[in-house]
Amino acid sequence: MDVAALQPYMVRTEQAGDSYTLHHRMIHAAVAEPHTVTLIVRGPALKDRFLVSDRETGRAWWQYGAAKESQDEAEQKRMSLTQINQVISDLAARDII
């Protein structure tokens, strides 16, 4: 897949408080303004893998779900309690929560 050749089908600008859903077959990208927060809630996985691409490098790769990753891979992705507390503190300092 030539990631650089992908063209947007739809472009949306979300405002504070907006929400939307995506079909599991959608290819999507999110670009956030500095000092903004996005909460992504994912339901049960319908596929064992999903495609990840980097437009800047042109690389694309399959990302596999938890059922296929090692304990070490899972640990590398998991946020520490310190990281979680820092995010909560940052959100509270900005009066987001």
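Ser53 touches Val3, Arg59 and Ala60, leaving aside residues up to four places away in sequence; a contact here means heavy atoms within 4.5 Å. Ser53 is found in strand 1, where helices (H or I, at least four residues) and strands (E, at least two) are DSSP runs, numbered from the N terminus. With a relative accessible area of 36%, Ser53 is partly exposed. On that scale, buried means under 20% relative accessible area, exposed means over 50%, and partly exposed is in between (1.4 Å probe, protein chains only). Ser53 and Tyr64 sit 11 residues apart in sequence, and their C-alpha atoms are 14 Å apart in space.

A word on the model itself. It is predicted, so local features need pLDDT of at least 70 and side-chain atom pairs count only at pLDDT 80 or more, while totals for chains, interfaces and linings use all residues. Residues are numbered from 1 along each chain as its sequence is written, and side-chain values use heavy atoms, with hydrogens and water left out.

Back to the contacts: Arg59, one of the residues that Ser53 touches, lies in the loop between strand 1 (49-53) and strand 2 (60-64). Arg59 has its own list of partners, namely Val3, Val52, Ser53 and Asp54, again not counting residues up to four places away in sequence. Lys47 is 12 residues from Arg59 along the chain, and the C-alpha atoms of the two are separated by 21 Å.

Now for the overall layout. The protein chain has two helices and two strands, and from the N terminus on the elements run β-β-α-α.

Just after helix 2 comes Asp95, with a positive phi of about 60°. Most residues other than glycine have a negative phi. Asp95 takes its positive value although it is not a glycine. Asp95 also counts as exposed, at 70% relative accessibility. Ala30, in the segment before strand 1, is exposed too, with a relative accessible area of 67%. Ala30 and Asp2 are 28 residues apart in sequence and 19 Å apart in space, C-alpha to C-alpha.

What about the chain as a whole? A compact globule of 97 residues would have a radius of gyration near 13 Å, but this chain has 16 Å; the radius is taken over C-alpha atoms, and the globule rule is 2.2 Å times the number of residues to the power 0.38. The C-alpha atoms fill a box of roughly 40 × 40 × 30 Å along the principal axes. Of the 97 residues, 4% count as buried. Among contacts with a separation of 6 or more, residues 24 or more positions apart account for 27%.

Finally, the rings. Arg49 lies over the face of Trp62, at 3.6 Å from the ring centre; a charge sits over a ring if NZ of Lys or CZ of Arg is within 6 Å of the ring centre and within 35 degrees of the ring normal.
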